[in-house]
Amino acid sequence: PWFQFLKDKGHQIILVDTGEKPECQALADEHICLDARDISGIIKEVTSRNLKIDLITSDQTDVACDSVAVLSESLNIQSNKPEIVKLFTNKFRNRKFLKEGQFAHYPDFREVTSLQDIDSFIGTATRFEFILKPSDSQSSRGVFELNQTNRHQWSQYLQQSINYSNS
């Protein structure tokens, strides 16, 4: 729908997608076959093809938001600044920002990369139910509830959360 809206308004579309023949390619004027997170590759393609770009957008999830901001900044196109976008796409940074802003009743959180990190956090906690989630994933992928009854699965949950992380 977003691409169709832009086409109906008379815009040319440069599609960035890893697929050889993505579903919306029929609407695109150009196709760059790369991952939306491959910023240097996209810039190289845009430069080598001498493409003129006025707007960078995405009709997908927050995965591309960082790329849209960085590409826009790199190509001198007005957009949201990458550091601001990161506040909303990186869950850890978002929670830290909110807590530092002294929002009332914000739950405790911690960035963890190991079982030792989890144990350290639990040692300072006032309750024993926690949510483990990647700081930069989407669609609730890699999200688990940690509690005393599933402690034997924490290592597995941690690895799955790390695997779903984009960073």
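Figure 1. On the face of α2 turned away from its buried side sit the exposed residues S40, K44, T47 and S48. Here exposed means over 50% relative accessible area, buried under 20%, and partly exposed in between, using a 1.4 Å probe and protein chains only. Helices (H or I, at least four residues) and strands (E, at least two) are DSSP runs, numbered from the N terminus. A friendly word on the source: this is a predicted model, where local features need pLDDT of at least 70 and side-chain atom pairs count only at pLDDT 80 or more, while totals for chains, interfaces and linings use all residues. Residues are numbered from 1 along each chain as its sequence is written, and side-chain values use heavy atoms, with hydrogens and water left out. The buried residues of α2 are G41, I42 and V46. Seen down the helix axis, the buried residues of α2 fall within an arc of 135°, so they line one face of the helix; the arc is that of the directions from the axis to the C-beta atoms. An α-helix has 3.6 residues a turn, so residues three or four places apart point the same way. The cover over the buried residues of α2 includes β1, β2 and α3, with contact taken as heavy atoms within 4.5 Å. After α2 comes N50, which has a positive phi, near 55°.

Figure 2. E45 and R49 pair through their side chains at 2.9 Å, N to O. E45 is partly exposed, at a relative accessible area of 25%, and R49 is partly exposed too, at 31%.

Figure 3. The closest N and O atoms of K86 and D66 are 3.3 Å apart, in a salt bridge. K86 belongs to helix α4 (residues 82-89) and D66 to helix α3, so the pair ties together parts that are 20 residues apart in sequence. K86 is partly exposed, with a relative accessible area of 27%; D66 counts as partly exposed at 22%.

Figure 4. On a 1 Å grid over the protein atoms alone, a pocket is an open set of points where a 1.4 Å probe fits, with protein on both sides within 12 Å along at least five of seven lines, and lining residues have an atom within 4 Å of a point. Of the 43 lining residues, F3, I14, L15, V16 and T57 lie nearest the centre of the pocket. At least two lining residues come from each of α1 (2-8), β1 (14-16), β2 (30-32), α2 (39-48) and α3 (65-74).

**Figure 5. N94 in helix α5.** N94 lies in α5 (residues 91-100) and is buried, with a relative accessible area of 17%. Leaving out residues up to four places away in sequence, N94 touches L87 and F88.

Methods
A salt bridge is a side-chain nitrogen of Lys or Arg within 4 Å of a carboxyl oxygen of Asp or Glu.
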